[in-house]
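Here is a friendly note to read alongside the model. Take the points in order and keep the structure open as you go.

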Amino acid sequence: MAVPNLELRPLGNTGLKLSSIGFGASPFGSVYRPVSESEAVASVREGFRLGINFFDTSPYYGATLSEKMLGKGLKALGVPRNEYIVSTKCGRYREGFDFSAERVTTSLHESLERLQLDYVDIFQCHDIEFGSLDQIVNETIPALRKLKEAGKIRFIGITGLPLDIFTYVLDRVPPGTVDVILSYCHYSINDSTLEDLLPYLKTKGVGIISAAPLAMGLLTELGPLERHPASPELKSACQAAAAYCKEKGKNISKLALQFSLSNKDISSVLVGMNSVKQVEENVAAATELALFGQDWETLAEVEAILKPVKNQTWPSGIRRC
């Protein structure tokens, strides 16, 4: 039986088409548990086989380990470079933040070496709220434009938690300068505030990637890491929602992923993966959604449980899980 292909969605004005599920490679940095090279390679292979064509990483994840592991996984695919799309980032490192033109330029060359690539498709300024937004506008992005002109990157992106950082930057750079934004934790069952920004982003022709559909562990049966910055009320409500789903024989993580995937204005939903099993479960959830649609009954019940804490976010500046 042929493997069903994941839906491909256009990314703003870039001309790229991303798989609806993106492969988040941060777990390759062994940030949650140790991940072996063989596990990483097998996960990338399986993801690609099942239709995932978009892979995202950063030098920050595992202090460059994620990039190295992803590079090995992509090389092991043995397919033409234009068959997959790679995104990495600059400005955030184990030693801190540095969005200077000099550092982001050297950062790209280091990333290319670790990834074993000649270019990356998307190069993103990582968590820009921790730097000076004016420096991003006046120094960082012009440096990235030079790298784009040199053919080392194809498209420029910005990432972060607060949504107002995107409008601040996009309103201050020439149209078409920033091609992509990556937002996290703002399009999931408990927080869908990214939705308010979608019409603005579309008018700018900017591609939209949403990460952390499980709200960094809140929307899972296991629950988040202890250091998760959500309020006790939000954690408690999500725990109750997860327990409700389990009682009904449902999985809150699958429900949450399908909720995020259901908005076609979002080009790709990035999910962190570190095993073949996780890859298969995530792709199965997307396939099920395409074939049978959303589980509206369970979703309505979960939304009712989460209503008192809906769109309750946490301050940026706390270390991301």
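This is a predicted model: local features need pLDDT of at least 70, side-chain atom pairs count only at pLDDT 80 or more; totals for chains, interfaces and linings use all residues.

1. Let's begin with a strand and its neighbours. Four bridges connect strand 5 (residues 85-90) with strand 8 (residues 120-125), and the two run parallel. Two strands count as paired if DSSP finds at least two bridges between them. Helices (H or I, at least four residues) and strands (E, at least two) are DSSP runs, numbered from the N terminus. Across this pairing, T88 stands opposite F123 in strand 8.

2. Residues are numbered from 1 along each chain as its sequence is written, and side-chain values use heavy atoms, with hydrogens and water left out.

3. Strand 5 also pairs with strand 4: three bridges join them, and they run parallel. Here D56 has S87 of strand 5 as its bridge partner. Strand 4, helix 2 (residues 65-77) and strand 5 form a right-handed β-α-β unit.

4. Is strand 5 mostly covered or uncovered? Six of its six residues are buried, where buried means under 20% relative accessible area, exposed over 50% and partly exposed in between (1.4 Å probe, protein chains only). Look at both faces: I85, S87 and K89 are on one side, V86, T88 and C90 are on the other, and all are buried.

5. Now compare that with strand 11 (residues 207-211), where five of the five residues are buried. G207, I209 and A211 point one way, I208 and S210 point the other way, and all of them are buried. Strand 11 is joined to strand 10 (residues 180-184) by five bridges, with the strands parallel. Three bridges link strand 11 to strand 12 (residues 268-272), again running parallel.

6. Y184 has A211 as its bridge partner in strand 11, and A211 has L270 as its bridge partner in strand 12. Strand 10, helix 6 (residues 198-203) and strand 11 make up a right-handed β-α-β unit.

7. How many aromatic pairs does a search of the whole structure find? There are six. Rings of Phe, Tyr and Trp (its six-membered ring) pair if their centres lie within 6.5 Å; planes under 30 degrees apart count as stacked, over 60 as edge-to-face and the rest as tilted. The rings of F23 and F55 have centres 5.4 Å apart and planes at 35°, so this pair is tilted. The pair links distant parts of the chain, with F23 in strand 3 (residues 21-24) and F55 in strand 4 (residues 54-56), 32 residues apart. F23 and F55 are both buried, and ring pairs tie F23, F28 and F55 into a cluster.

8. Two arginines sit over rings. R92 lies over the face of Y60, 4.3 Å from the ring centre, and R172 lies over the face of Y168, 3.5 Å from the ring centre. The criterion is that NZ of Lys or CZ of Arg is within 6 Å of the ring centre and within 35 degrees of the ring normal.

9. Helix 8 (residues 252-261) deserves a look too. Nine of its 10 residues are buried, so helix 8 is largely enclosed by the rest of the structure. The cover over its buried residues includes strand 1 (8-10), strand 3, helix 7 (232-247), strand 12, helix 9 (276-292) and helix 10 (296-306).

10. Next, find L218 in the loop between strand 11 and helix 7. Its relative accessibility is 2%, so L218 counts as buried. Leaving aside neighbours within four places in sequence, L218 has contacts (heavy atoms within 4.5 Å) that include N190, P224, H228 and W314.

11. Finally, zoom out. The chain has 10 helices and 12 strands. Its radius of gyration, taken over C-alpha atoms, is 19 Å, close to the 20 Å that the globule rule (2.2 Å times the number of residues to the power 0.38) gives for 321 residues, so the chain is as compact as a globular protein of that length. Of the 321 residues, 56% count as buried.

Terms used. A crossover is right-handed if, with the strands pointing away from the viewer, the path from the first strand over the helix to the second runs clockwise.
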